[in-house]
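Here are my notes on the model, as numbered points. Please read them with the structure open.

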Amino acid sequence: LPSDWSIALQQFRETTMGTVSGITRWSDHLDDMPSSYYLAASLRDDRLERFLLLQYGHMANYMGRGTWTATEQLPIEGDANGFFRDYLWSYLEGGIDECVPSIMLPGIATRWQLVLERYDQQKLLNGSMADIVYLNRGVPRRWAVPNGLGFGVRNAATRFGWFDVHTLTAAVATGASSTTLLSSTPIPLPGTPPQPPPAAPLPP
């Protein structure tokens with residue numbers, strides 16, 4: 001979608017009670033199973049606050065505490081037994097107690113924070129078409145602290161190949177900080193994963 005259409009759809013969802021702490025709301029229950037495209041769209045459209053609200057709202061209010069699992073749907077007001085995080089079940093619809101798309105959402109979001117490619121080609125100002133990979137587009141400001149460690153990702157799979165990204169923040173003389181992308185290395189041979197490390201020897 002063009003960016004203005006995409007933003008209009010996202011804003012309609014957000015301003016008509018379609019979300020609760022970023023989580024997708026359907027009538028009297030929550031359903032984050034189909035939310036990954038909202039994550040991607042919010043990042044591509046530079047709506048970082050909304051991206052982070054969905055990412056961390058899902059982890060805080062949708063994932064099961066202590067188990068880190070997630071159901072397909074959740075009742076907003078709790079179920080008949082008073083359990084908020086119980087999966088939705090009624091005579092009209094039965095939910096799934098362990099829903100893989102809902103469970104994978106935090107991992108997908110974290111990867112996209114660091115490496116996100118566009119699903120379609122981006123038209124440039126000169127009229128040509130180009131493929132785009134965004135680096136660190138979803139990184140919150142609090143990650144950029146001069147602790148000497150930095151942050152990054154290894155072997156992030158994209159349709160252009162596998163990316164290693166390492167970013168380091170250093171303090172500068174003014175008391176502020178400067179964040180530098182130290183490396184962004186696409187491994188040539190798109191679609192070919194890097195070789196895994198050698199397996200540890202078996203004990204005798």
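1. A definition first. A salt bridge here is a side-chain nitrogen of Lys or Arg within 4 Å of a carboxyl oxygen of Asp or Glu. By that criterion, Glu14, Arg47 and Arg50 are linked in a network of salt bridges. Keep in mind that this is a predicted model.

2. Overall make-up. The chain has 204 residues, and 34% of them are buried. It holds 4 helices and 11 strands. Its accessible surface is about 12,700 Å², with 61% belonging to carbon and sulfur atoms. Among contacts with a separation of 6 or more, 54% are between residues 24 or more positions apart.

3. Main core. Which residues make up the largest nonpolar core? There are 12: Leu39, Ala40, Leu43, Phe51, Leu52, Leu54, Leu105, Ala109, Trp112, Leu116, Ile132 and Tyr134. Another core lies apart from it, with 8 residues, including Leu114, Val153, Phe163 and Val165. As general background, nonpolar side chains in soluble globular proteins tend to be buried together.

4. Leucine 52. Neighbours within four places in sequence are left aside here. Leucine 52 then contacts Gly57, Gln113, Gly138 and Pro140.

5. Helix H2. This helix is mostly covered, with 7 of its 9 residues buried. The buried set is Ser36, Leu39, Ala40, Ala41, Ser42, Leu43 and Arg44. These residues pack against H1, H3, H4, strand S5 (115–117) and strand S8 (133–135).

6. Aspartate 45 sits in the loop between H2 and H3. Is aspartate 45 buried or exposed? Aspartate 45 counts as buried because its relative accessibility is 12%, and the cut-off is under 20%. Its side chain makes a polar contact with the side chain of glutamine 10, at 2.9 Å. Beyond its neighbours within four places in sequence, aspartate 45 touches Ser3, Ser6, Ile7 and Gln10.

7. Aspartate 46. This residue follows H2 and has a positive phi, near 60 degrees. Aspartate 46 is exposed, at 59% relative accessible area. Its side chain meets that of arginine 137 in a salt bridge (2.7 Å, N to O). Aspartate 46 lies in the loop between H2 and H3 and arginine 137 in the loop between S8 and S9, so the pair ties together parts that are 91 residues apart in sequence. Arginine 137 is partly exposed, at 23% relative accessibility.

8. The H1–H3 link. The whole structure contains 4 salt bridges. One joins the side chains of arginine 50 and glutamate 14 (3.5 Å, N to O). This pair connects distant parts of the chain: arginine 50 is in helix H3, glutamate 14 is in helix H1, and they are 36 residues apart. Arginine 50 is partly exposed at 34% relative accessible area, whereas glutamate 14 is buried at 17% relative accessibility.

9. A buried charged pair. Glutamate 117 is found in strand S5. Glutamate 117 forms a salt bridge with arginine 111, with the closest N and O atoms 3.2 Å apart. Glutamate 117 is buried, at 11% relative accessible area. Arginine 111 also counts as buried, at 19% relative accessibility. Leaving aside neighbours within four places in sequence, glutamate 117 contacts Arg44, Arg111, Ile132, Val133, Ala157, Thr158, Arg159 and Phe160.

10. Other positive phi values. Most residues other than glycine have a negative phi. Serine 21 has a positive phi, near 45 degrees. Serine 21 lies in the loop between strand S1 (19–20) and strand S2 (23–26), and is partly exposed at 28% relative accessibility. Asparagine 136 has a positive phi too, near 60 degrees. Asparagine 136 lies in the loop between S8 and strand S9 (151–158).

11. Surface patch. Leu1, Trp5 and Leu9 form a nonpolar patch on the surface. Together they have about 390 Å² of accessible area. Leucine 1 belongs to the segment before helix H1 (3–15). Leucine 1 counts as exposed because its relative accessibility is 62%, and the cut-off is over 50%.

Technical notes:
Residues are numbered from 1 along each chain as its sequence is written. This is a predicted model: local features need pLDDT of at least 70, side-chain atom pairs count only at pLDDT 80 or more; totals for chains, interfaces and linings use all residues. Side-chain values use heavy atoms; hydrogens and water are left out. A nonpolar core is a set of buried Ala, Val, Leu, Ile, Met, Phe, Trp, Tyr and Cys residues joined through side-chain atoms within 4.5 Å. Buried means under 20% relative accessible area, exposed over 50%, partly exposed in between (1.4 Å probe, protein chains only). Contact means heavy atoms within 4.5 Å. Helices (H or I, at least four residues) and strands (E, at least two) are DSSP runs, numbered from the N terminus. A polar contact is a pair of N or O atoms within 3.5 Å; within protein, one must be able to donate a hydrogen and the other to accept it, and residues adjacent in sequence count only if both atoms are side-chain atoms. Patches are made of residues with over 30% relative accessible area and no salt bridge: like charges are joined within 9 Å, nonpolar side chains (Val, Leu, Ile, Met, Phe, Trp, Tyr) within 5 Å. Accessible areas come from the Shrake-Rupley method with a 1.4 Å probe; for residues, only the protein chains shown count as cover.
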